[in-house]
Amino acid sequence: MSNRGGPTGGRGGGRRGRGRANPGGPARGSAPSPASAPSPVYAPAPAPPVHTERPAVVTPSAAPTPAPVASSSSSSAASLASEMDKKLTLAAVALPPSSDKAVRFPARPQFGTIGKRIQVRANHFLVDIAERDLHHYDVSISPEVASKKTNRDIINQLVNMYAESHMGKRMPAYDGMKSIYTAGSLPFTSKEFMVKLPEREGRAGPATKRKDREFKVSIKLANKPDMYQLQQFLLRKHHETPQETIQVLDVVLRAAPSLKYCVVGRSFFDPDLGRKGELGSGLEYWRGFYQSLRPTQFGLSLNIDISARAFYEPILVTEFVKKHFGYNDLSRGLSDRDCLKLKKNLKGVKVTLSSGGGRSYRITGVTLQPLSKLTFTLEDSQTRLFVVQYYHEKYGINLTQVALPALQSGNDSRPVYLPMELCLIVPGQRYTRRLSENQVTNMLRATCQRPMERESNIQQMVKRNNYNGERLVNNEFGMKVNEQMALVDARVLPSPMLKYHQSMDTPKMGAWNMIDKKMVNGANIDFWAFVNFSRLRSDFNDCFLNDLINMCGSKGIVFNPEPLVPVQSAHPSKIERVLRDIHKQSVQRLNEMGQSSKHLQLLIIILPDVKGSYGPIKTICETELGIVSQCCNPKQAQKLNKQYLENLSLKINVKVGGRNTVLNDAILRRIPLVSDRPTIIIGADVTHPQAGEDSSPSIAAVVASMDWPEVSKYRGILSAQNHRQEIIQDLYKQTHDEKRGLVHSGMIRELFIAFRRSTGQKPHRIIFYRDGVSEGQFSQVLLYEMDAIRKACASLEEGYLPPVTFIVVQKRHHTRLFPVDRNTDRSGNIQPGTVVDTKICHPTEFDFYLNSHAGIQGTSRPTHYHVLFDENKFTADQLQTLTNNLCYTYARCTRSVSIVPPAYYAHLAAFRARYYIEGDNSDGASVGRGSGGSAAQSQVLPDVHEFVKDVMFFC
């Protein structure tokens with residue numbers, strides 16, 4: 001077992017320096033800072049040298065598109081890539097962009113027309129802006145303060161003191177960090193002010209006898225954001241987004257909520273904004289709202305959505321320990337493992353002492369020694385004293401929970417020991433770690449709202465915020481927020497026809513069934529095995545397998561009724577040994593049958609009743625033994641429910657190489673820009689470790705279709721990369737080998753080789769769906785990853801540069817669409833297939849919102865698709881229809897899904913790799929299968945076995 005993030009001190013009281021235990025001591029602990037994700041240095045323009053028709057890339061808005069670069073006559077692919085690299089770099093130097101935004105994304109070709117026309121309401125509120133002379137001033141506060149709230153208090157005090165006398169009666173908008181903005185100039189270009197801030201009760205930091213703290217505030221003119229440029233952009237007469245001007249207005253609208261509420265990113269939370277409730281394990285949820293100012297086709301839009309977030313309950317730490325670990329009695333103390341878990345969950349949390357004093361301390365660690373044995377050295381550097389004795393003699397406090405460890409504040413050289421029974425968690429502290437399954441369930445249960453309720457709550461929140469009643473917003477900056485949601489034109493795209501074996505189906509409301517249908521390509525399963533790790537009786541095994549094999553057979557899978565090795569039940573403590581035994585027996589049995597070239601195709605596993613085994617099972621099977629496995633939940637399996645068995649058959653079929661269904665248009669070769677030429681559809685995603693895991697790598701997953709023209713089978717590749725690095729590093733790689741010289745490799749290259757092996761043809765066209773990219777990373781991700789795709793193609797064949805369409809898939813946004821009339825699905829949400837590319841979309845670029853699925857509970861979230869590069873020249877109808885139709889080909893269910901399947905599969909594959917590294921631990925600790933090991937060892941991402949990677953093992 002290896003646990004990352006062990007304690008940094010606290011074992012021996014005062015061995016590393018003078019320890020202190022007094023309630024009035026300072027909390028000056030410092031945590032190790034996380035590694036920063038490196039940015040790529042090289043970002044060339046992804047311009048193809050062989051295609052003359054292409055969108056503008058790396059060109060200034062006023063400059064013409066550079067002429068295409070001719071193909072190199074060099075004989076080697078490497079020299080072609082090198083020459084292309086040089087030419088593109090030179091082109092970028094010769095034509096510098098007119099702003100920091102180095103890429104112009106494709107313009108919207110036109111609006112879509114296909115589908116039934118409807119109207120929907122969107123949680124976007126029009127913001128009217130008046131002409132103002134905006135000024136941006138840099139702010140420096142000395143001594144520097146880390147807290148944005150304290151910074152805001154300082155600037156507010158400055159305005160109260162000097163607005164009339166020194167600031168020309170201007171009301172500035174402050175971002176809480178380094179910038180203030182004014183609607184008009186201040187009477188100076190640079191000035192320093194002295195500000196005294198009254199001491200706040202309970203403030204974190206060193207104790208001081210002074211009632212006031214004094215700060216020097218320097219204000220200096222930085223620049224003048226251009227309101228005219230913003231107006232021209234909204235009128236579509238200017239192509240580059242005036243981000244700084246929008247930032248100014250966004251700060252203005254956020255000013256009042258930032259002073260009143262707890263700020264988390266772009267959201268605000270407070271108990272006054274809605275009922276709060278328990279999540280379990282010492283956490284509670286607070287309600288609030290998200291707010292963001294965005295440029296859209298109908299002008300500046302304020303996107304408002306309701307939100308909820310987990311916070312620590314303001315309770316004694318002893319109560320938190322009881323709730324977190326489920327203990328009623330703390331007299332036995334905590335194990336070392338529990339201490340490490342507690343440290344992870346409380347590190348950075350502020351507490352006050354219930355004995356009084358008003359001081360707050362930031363927790364830096366948890367001692368491994370119990371309080372009863374903990375000693376420290378007094379200020380005389382000689383006298384050692386027990387902490388329990390100190391509190392009794394100095395404060396008359398008799399500590400009772402002395403078997404518990406102490407909380408540590410301060411640093412290792414000057415630790416401050418705090419008894420848990422005296423420590424009260426300060427209210428309003430956000431919980432940043434991953435929630436457990438139960439906590440997520442409780443959060444969803446408490447905050448899930450039907451569309452009508454959510455729409456009403458958003459409207460009430462806008463009225464409550466009263467933006468137009470704020471002097472800074474209305475009078476000073478001349479902004480007015482429309483309090484009615486935007487009414488938006490939309491269309492409902494038709495459902496595609498699906499092809500099954502000798503039958504068809506046209507889904508209704510995003511769903512269909514497989515009654516009397518067989519899969520379009522049922523797999524042959526000749527060699528399989530079964531093991532039951534649950535407490536279900538052994539006679540259940542035969543019943544379950546009989547029903548499952550019959551279900552698979554009825555759906556077209558040719559399933560050998562006899563397992564390769566005997567069916568067995570086993571104890572969960574023997575998982576690894578049993579899996580290896582099954583593999584060994586399978587190999588022996590195949591050899592005896594004269595089938596040594598074959599391997600076990602499928603291992604069906606009933607999981608243990610207690611959670612925590614799924615990750616280790618998948619890791620052993622898929623990376624070590626080369627076995628495709630189908631895990632079954634014992635609670636679901638024992639019901640022998642037909643729908644559950646049907647869903648299992650869907651997953652089993654694709655895992656052993658079959659196809660469940662395909663688009664009929666794909667069979668008839670009628671999909672525009674896909675069916676006419678061999679086309680590969682790629683999905684890519686990067687998953688990052690949870691907050692606080694500084695050593696765990698990010699994991700990239702890329703999947704690609706392998707069965708043109710059907711485009712329903714996908715192969716996946718995984719790669720670990722630098723911590724929190726969003727750009728996929730291993731799309732293309734070059735290494736030098738002493739014998740072979742320059743060696744080309746990488747995920748794209750491997751997928752293209754597999755595509756050719758599978759279809760007999762190389763891809764003539766690439767459609768790349770990229771998940772998980774925020775707007776601020778668009779340019780960087782596009783340039784780096786397009787360059788990698790280009791180089792991978794050129795390394796395969798000289799002059800090989802198939803046209804690419806690069807689409808970002810965004811699910812983490814806050815746009816919601818609400819029905820206007822009765823055009824809803826069963827859940828009251830907008831219908832599946834609803835697409836919006838007007839009004840609330842980008843003023844000039846090619847993007848759209850697509851709600852491709854039927855709602856089940858709560859309010860449906862449409863997926864936002866933004867085209868960053870398009871050499872295939874899709875029309876709006878072509879791309880929207882393709883994306884919507886693909887959502888009906890997801891292999892694991894008979895429903896359309898909310899995001900396009902290649903992106904969905906990449907997401908599943910990336911999270912499968914997370915299991916390979918971290919196991920099933922919800923708290924993020926990396927627990928290996930043995931009893932030893934180090935954190936460093938657990939960070940290596942094992943390769944997927946060759947027998948597994950050719951099928952959709954991630955389903």
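**View 1. R724 in the loop between β34 and β35.** In this predicted model, R724 is placed in the loop that runs between β34 and β35 (733–737). Its phi is near 60°, a positive value for a residue that is not glycine. R724 counts as partly exposed, with a relative accessibility of 38%.

**View 2. L640 in the loop between α14 and α15.** L640 is located between α14 (634–637) and α15 (642–655), in the loop. The residue is not glycine, yet phi of L640 is positive, near 55°. Its relative accessibility is 26%, so L640 counts as partly exposed.

**View 3. The cis peptide bond from W708 to P709.** Omega of the bond from W708 to P709 is near 10°, and the bond is cis. P709 belongs to the loop between β33 (698–705) and β34 (714–721).

**View 4. The cis peptide bond from S142 to P143.** Here the cis bond leads from S142 to P143, with omega near 0°. P143 sits in the loop between β3 (134–142) and α2 (148–166).

**View 5. Packing of helices α12 and α13.** Helix α12 (residues 575–592) packs against helix α13 (residues 614–625) at an angle of about 35°, and their axes are 10 Å apart. The crossing of α12 past α13 is right-handed. On the α12 side the contact involves I575, E576, L579, R580 and H583, which meet I617, I620, C621, E624 and L625 of α13. Sorted by class, the residues of this contact are six nonpolar, one polar and three charged.

**View 6. The largest nonpolar core and the contacts of I604.** The largest nonpolar core has 84 residues, and F544, I604, Y769, Y865, Y905 and F954 are those with the most contacts inside it. Helix α20 (residues 901–918) gives the most to this core, contributing nine residues. Leaving out residues up to four places away in sequence, I604 touches W528, A529, F530, V531, F544, L545, L548, F559, Q630 and C632. Another core, of 43 residues, lies apart from the largest one; L279, V321, V387 and M420 are among its members.

**View 7. S307 in strand β12.** S307 is part of strand β12 (residues 299–312). With a relative accessible area of 17%, S307 falls under the 20% cut-off and is therefore buried. When neighbours within four places in sequence are set aside, S307 is in contact with S267 and F269, and also with W286, R287, G288, F289 and Y290.

Definitions and conventions
Residues are numbered from 1 along each chain as its sequence is written. This is a predicted model: local features need pLDDT of at least 70, side-chain atom pairs count only at pLDDT 80 or more; totals for chains, interfaces and linings use all residues. Side-chain values use heavy atoms; hydrogens and water are left out. Axes are lines fitted to C-alpha atoms, for helices over the stretch in contact, and angles run from 0 to 180 degrees between N-to-C directions. Helices (H or I, at least four residues) and strands (E, at least two) are DSSP runs, numbered from the N terminus. A crossing is left-handed if the near helix is turned anticlockwise from the far one by less than a right angle, and right-handed if clockwise. Contact means heavy atoms within 4.5 Å. Ala, Val, Leu, Ile, Met, Phe, Trp, Tyr, Cys and Pro count as nonpolar, Asp, Glu, Lys and Arg as charged, and the others, Gly among them, as polar. Buried means under 20% relative accessible area, exposed over 50%, partly exposed in between (1.4 Å probe, protein chains only). A nonpolar core is a set of buried Ala, Val, Leu, Ile, Met, Phe, Trp, Tyr and Cys residues joined through side-chain atoms within 4.5 Å.
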